[in-house]
Amino acid sequence: MSQDPVTLVSKDNKEYEISRSAAMVSPTLKAIIEGSFKESKGRIELKEFDSHILEKIVEYLNYNYKYSGVDGDEDEDIPEFEIPTEMSLELLLAADYLNI
Amino acid sequence: MITNNKTRISVPEKLGLSEQSFEQSWEIVKHAIDHIYSDDMADLSFEQVYRTIYTIVLNRKGSKLYDNLKIYTMEKLLFLRETVFKNNAPDYEILETMAGLWKTLCNCFKITGDLMMYMDKVYCKPNRCLEVCDMCLDLFRIEILQKCSSSLISALISDIDGIRSSGYMDPKHTSLWKVLIGMMETLHDNRDNFFLTDFEPVLISATERYYNNAIDIKMLTPLEGLEKIRKLKQFESVLDSSFLNADSHNKLKNVLGNVLIWGKLSDVIEDLTHEAMKLSDERLLQEIYDLSGEAKYKTTIIESIKSYIRRIAKEIPFKDGSRKKGQNAITWSSEILSLFRRQRLFLGSIKFGSVQVNSSVTYKFISMTILHDVFATYFSEEGALPSEYISTYVDYCMKQTNDNDAEVVKIKEDLLDSTKLMELLSEKDIFESTYKKQLSRRLLQQKSILEIEKWMVQMIKNALGTFFTLKLEIMLRDISLSSRILRAFKASSTSSIEYMNFVPEVLTRTSWPFQSTNPIDESITLPPRMSQILMGFNEYYSLKYKERILEWAHHLSVIEIGCQFNNGYYEISFSVYAGAIFLLFENYEELTLKEIHELTHIPEEDVKSLVMSMSTVPKCRILKRSSNSGDTKFSVNYFFSAPNRKVKVPIIAGPASSHKSDNLTSQSSVDTYENENIMEVNAAIVRIMKTEGKLSHHQLLQRTTKNMERRFHLTSSTFKRSLQLLLEKEYIQRDADDTSCYHYLH
C-alpha cells in the first residue's frame, strides 16, 4: 500500500489532503482506504460534510495522530483541542459517522 | 444575570438520503454485496454504501437490515456450496477447493463487516447479536463446513496418511492442511472450535490406526525395529509441527508413544535392552529409555536391565565342590567384581530421571539401586558360597600386597569395590566368620601388610557397620599391641636371646576364631631354649598385666629354624610341634617315634603324622627314616636340598584331630556358623518373647526373621532347632490349649 496522502473532498468540493496514517485514525476511513473500492485510489468524497466541518475533522485527525502515541501523564505538552461551540453538534454527528 | 446572547449552535441539516425507502437502500447494499462476492469493487463507492447503511441504521431499520443480510449471505453460501464442490473429486482437490473458498469468503466477510461497521457499533452491540463479520463466519460454519464436514475430514485424513506413507513431506500439502486447520480453529460453535470438537479426535484415532498398521515389529530384529520406530517418530514429529499447534502436536506425540512404544516396542523391549547392554552402548540404552515418559515403560526397562545383569552373573561359572576351591573363589569373585564395576560405570552414565523403582532400598542413583537389587538377589540365591568366596578373594588380594605402592593402590581399589559387594551379601555372618578365620591366619603368619589390613577393616566397617568389625578390630589391635609388648620385653630382658627371634602374639581369646586352646599345649615339653624364652616372657607379662592369664597356643604358632645341610643353608618353617621334634635332633642322632613322644609329650598319633610330613613329603624331606630290626628310626637328612632357601613343612592331617580347629574346610565352617546362628536366634527369640509374653508360632517366626534379616536369612530348620533348644531349657513353654502358641517363662 502506498504511503501517499489521501484527499478528502467536502460537500462544496473543497479538497483536504491528509496523510494516510492520520486518516486511518478513523476506522471508517481506514476501511475505505484499505478496501479495494473506488476510493482506494486516494480520493475520498465525503459529501455529507461542509468544508468548515471537514477542515475541523482533518485538524482533529492530525491532532489525534500526533498525540495518541504520547503518554497521558506527560500532559503539559498536549494542548486542548479547540471546539467552537457552534460547531459542536455538527462535529458530533461527523464523529459518529467516522467512528472517532 | 443570564445572558440571552447564547452562541447559536448550528443545527446540521438532515444527513444523507433519508428520503430513500428501506427497499431502495437495501437494493444498494445488495448490489454492493454482489460486487464484493464477485470480487469486483473497483467501481463501487465505499462511502456511498457506508452512508446508505448509516442512514438505514439511523432510521432504526437496523434489525431489518441485519436479518436481510443474514438471509442474503446464506443464499450466497448455499449457491457457492452447490456450485463449487464437485462430487467424487480427489481428496486433494476437495482440500484445495475448500481452502480457496475459505480464503475468498474470509475476505468478503471482512469487507462486508467493514461496510457494516456502523451497524456493528450501533445495532449489534446493544442488541447482543454477532457482529456482521462473525455472523457471516457462523453462517459459513453452518452452511458449508458442517454440510461438508465428513467429506472434508475424510479427504484431509487420507491426504495426511498418503503423505505419511510416501515418507516425503510435501510443503504444498502441509501448508494447505495448515490453512484448513486454521479455518477449523477459527470457526466455533458455543462449545469449542470445530477443530477441537470434530477434527482432532478423528485425527488422533486415524493416526493411531495408521501407525498400528505401519510396522510389524515381529518381522524385524529389535534393533531394526527401534531404528524404524525412531524414523517414524521423527517424521511424524516434523510433519505434525508443520501444520498443528503445539497442543495437538503433544497429543499426537502421546498417541504415537502409546502405539509405537507400548503397542509395538514393548514386545521386544527386553531383547532390545539386553542388546544395548551387550553392546555396552549407553547412547542406545539412553535412547530406549527416553522413548517414553511412562513410568510403567521405564520400570520395564529397569527390570530388563536387571534381568540382563542377573543372566550375566549366572553365567559366571560357580564351580562348587571341585578341588581348587580357592582358585574358584578367586576367579569367581574377580569376575563378579569386574561385572559389578563394568555395570556401575555403564549404568552410571545413563540418566534415569526420577522413577519409582520397586526396591527395598533407595540409593541416590538409580543405577546403584539396580545393581544392589541384582546382586543381592543373586547372592541370596546362591546361599553361603558367595560370602566365602568374596572373603577368600580378599584373602588373596591381601596376600598379594607388598611394598610396591602402585600395586597397593590397585589392590586397594579392588578391595574397596569388594566391600560394595559385601554389603549385598545375604549371608553376612558366613562372610564375617570366614573373614575372621582368614584374617587370623594372615595376621599370625604375617602374610599381609598390617596397615592395609587395618584400612580394609575400616572399609568393611563403613560398608557393614561397627557390629561386624568389632572382633576384627580387636584382632588387629592385639597384633599391634603384641609388637609393642615385644619391644618392651626385649628392652627389659637381659637373657641371651639374640640368636633367636621371638615374636609373641598376645591375642584376646574371645575375639579370635579358635574354639579352644589345644589341651596338649599344657603338657608338651619344648626344647630348653624355647621354654626359657617363654618363661621369661611369661614373667614379664604377668608383671605388666597382673590380672591377665597368658596361655600359649602352640598350634597356632610358627617356628623358623635356620639349618646348615650338606648342600646349603635353608630356613625351614615348622609348626611349633614339628619344630620341637626337629630340634631334638640337636642332641640325638636317631630317635624312634616312641622316644620322641616321651621327650616331647606330644601325643603319639601327632608325632607320627608330624614326622611323616617331615620325612615323606618330597619338597621337605629333612628327616630320613631307617628301619632295622623292625624299629623305625629317624635321623636328620643331611643331603636335603631344595630349590628355594625358604622351606615350609606342611602339616599332613593325620588321624588325630588336634589341628582341626584351624583347618578351614567348608564343612566345619558351616557347622560353626550354624551353631553361632542358633545362638543368635535363641537370643533373638528370648528378647522377643520377653517383651511379648505370648506369641503364636507364626508371629514369632515372622518377628525373628525380621530381627535377623540384617545378618542372615533365617531358615525354618534353624528356627525349629533353636525353638526346640529353648523349650528344652524351659525358657519358653507351649500353651496348654493352643499348641501353636508359646509363653515366656520367667
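Author: A nonpolar core, as the term is used here, is a set of buried Ala, Val, Leu, Ile, Met, Phe, Trp, Tyr and Cys residues joined through side-chain atoms within 4.5 Å. What follows describes a predicted model, and the largest such core in this model has 103 residues, of which F140(B) and M183(B) touch the most other members. The largest share of this core, 16 residues, is supplied by helix α6 (residues 132-166) of chain B. If neighbours within four places in sequence are set aside, M183(B) is in contact with M98(B), W102(B), F140(B), L145(B) and L152(B). In soluble globular proteins, nonpolar side chains tend to be buried together. There is also a second, separate core, made up of 67 residues, and among its members are L272(B), C397(B), L425(B) and V457(B).

Turning to the aromatic rings, a search of the whole structure finds four aromatic pairs over all chains. In one pair, the ring centres of Y60(A) and Y63(A) are 6.1 Å apart and the planes meet at 40°, so the pair is tilted. Y60(A) and Y63(A) are three residues apart in helix α3 (residues 51-67) of chain A, which means that about one helical turn separates them. Y60(A) is partly exposed, its relative accessible area being 25%. Another pair, W26(B) and Y72(B), is edge-to-face, with 6.0 Å from centre to centre and 85° between the planes. This pair links distant parts of the chain, since W26(B) lies in helix α1 (residues 22-37) of chain B and Y72(B) in helix α3 (residues 62-84) of chain B, 46 residues apart. Both W26(B) and Y72(B) are buried.

Helix α26 (residues 697-708) of chain B has 12 residues and, at 1.5 Å a residue, should span 16 Å, which agrees with the 16 Å between its end C-alpha atoms. Its buried residues are L700(B), T704(B) and M708(B). Viewed down the axis of α26(B), these buried residues fall within an arc of 55°, and therefore they line one face of the helix. On the face of α26(B) turned away from that buried side are the exposed residues H698(B), Q702(B) and K706(B).

Technical notes:
Residues numbered from 1 in each chain as written. Chains lettered and ligands numbered in written order. Predicted model: local features only at pLDDT ≥ 70, side-chain atom pairs only at ≥ 80, totals over all residues. Heavy atoms only, no water. Phe/Tyr/Trp six-rings, centres within 6.5 Å; stacked < 30°, edge-to-face > 60°. Helix = DSSP H or I, 4+ residues; strand = E, 2+ residues; numbered from the N terminus. Buried < 20%, exposed > 50% of the residue type's maximum accessible area, 1.4 Å probe, protein only. Contact = heavy atoms within 4.5 Å. Expected span 1.5 Å × (residues − 1). Arc of directions from axis to C-beta.
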